[in-house]
Amino acid sequence: MTSLDKPTEDTQDTEADDARAVTEAALFEAFGGVRGMVETVLPGLLFVTIFTLNNDLHMSAIAALAVSLVLVVVRLAMKDTVKHAFSGVFGVAFGVVFAMMTDNAKNFYLPGMLYTLGLALAYIVTSLAGVPLIGLILGPVFKENLSWRTRNPGRKKAYTKASYAWGFILLAKSAILFPLYWWADTEQLGWVLVTLKIPPFLLAVWLTWVFLAKAPAPIDVFAEMEAAEQAEKERKEREKAEREARGGDALDPAPGGRHRKG
C-alpha cells in the first residue's frame, strides 16, 4: 500500500459509514422507530389482556380504541408525526366495528390479518412488476423519489430484494395466523398475534438495512432541482449583464466615452 492509497480507503470507509447512518435514519423515520412499534403493539395487547381476564368483548374493544386515541392526542400535543398513530387508530377501529357487528371477539384481529396478507402480496407483486413497494415508500424519505428506477440500478436491485423480504416474511406470518384464526380460541390467537408483531417487523427492517447499506448512494433529486434552478438564475443574470454591457457600448462607442464628431 502506498501513502496515496490510505486516504482513499479512509474516504471510502467514511462515505460507507455515512451511507449506513443515512439509511438507518431513513428507516427509523419511515417505520416509526421504537415509539411506532409501541403504538402498534399496545392496543392489541390491551385488548387480549382484558379479554383474557374477563371475556368482555365490549370492555376490551373500548379499551383498545381508547388507548389508540390517547396515543394520537399525545402525538398531536407534542407536535409529532401522527401517521403511525392514526394508522393504528383506523386499524383498531375496523377491528372493533367488525368484532361488535359479528359479536365475535376473534374478529377483532381479522382486519389486521387481512391487511398483513394484502401487504405481503403487494410487496411481491410490485417487485415482480419492477416497481418494488419499499422503493416507493423510501424513495421520498431518501429524497431520490423514483430516480432509482432508471438512473440507479443498484438501488433498484436493493429495493427489489428488500420488497421480496418483506413480502415473504409477512406471508410466513399470515401462514401462522390464519390457521390459528380457525382453530384456536380468541386468547390464543391474540397472544400469538401480539408475540408476532415485533420480531418479523424487525427482521424485515434489518434485511432492508443490509440491502440498502450495500447499495449505491441515492440520487438527491431535490438537490439536483435546486442546483438547476440556481444555474438557470445565474444564466439569466449573466445574459442581463451582457445585454446591459452591449447597450452601454452602443451608446458610448468611442474610447474615453466621447462620441466622435463627423
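Mentor: Let's start with a term: a salt bridge here is a side-chain nitrogen of Lys or Arg within 4 Å of a carboxyl oxygen of Asp or Glu. The model is predicted, so local features need pLDDT of at least 70 and side-chain atom pairs count only at pLDDT 80 or more, while totals for chains, interfaces and linings use all residues. Residues are numbered from 1 along each chain as its sequence is written, and side-chain values use heavy atoms, leaving out hydrogens and water.

Trainee: Thanks! How many salt bridges does that rule give?

Mentor: Side chains of opposite charge can pair when their charged atoms come close. Applying the rule here, the count is three.

Trainee: How far apart are the closest N and O atoms of Glu 239 and Arg 235?

Mentor: Both residues lie in helix α11, four residues apart, about one turn of the helix. Helices here are DSSP runs (H or I, at least four residues; strands are E, at least two), numbered from the N terminus. Glu 239 forms a salt bridge with Arg 235, and the closest N and O atoms are apart by 2.4 Å.

Trainee: Which residues are linked with Arg 235 in a network of salt bridges?

Mentor: Arg 235 also forms a salt bridge with Glu 232, with 2.4 Å between the closest N and O atoms. Glu 232 and Arg 235 are three residues apart in helix α11 (residues 221-251), so about one helical turn separates them. The network of salt bridges links Arg 235 with Glu 232 and Glu 239.

Trainee: Is Glu 144 buried or exposed?

Mentor: Glu 144 forms a salt bridge with Arg 155, the closest N and O atoms being 3.0 Å apart. Arg 155 lies in helix α8 (residues 153-183) and Glu 144 in the loop between α6 (133-138) and α7 (147-150), so the pair ties together parts that are 11 residues apart in sequence. Buried means under 20% relative accessible area, exposed over 50%, and partly exposed in between (1.4 Å probe, protein chains only). With a relative accessible area of 0%, Glu 144 is buried.

Trainee: And what is the area of the nonpolar surface patch made by Val 34, Val 38 and Leu 42?

Mentor: Patches take residues with over 30% relative accessible area and no salt bridge, joining like charges within 9 Å and nonpolar side chains (Val, Leu, Ile, Met, Phe, Trp, Tyr) within 5 Å. Accessible areas come from the Shrake-Rupley method with a 1.4 Å probe, and for residues only the protein chains shown count as cover. Val 38, in helix α2 (residues 33-54), counts as partly exposed because its relative accessibility is 44%. Together, Val 34, Val 38 and Leu 42 make a patch of about 240 Å².
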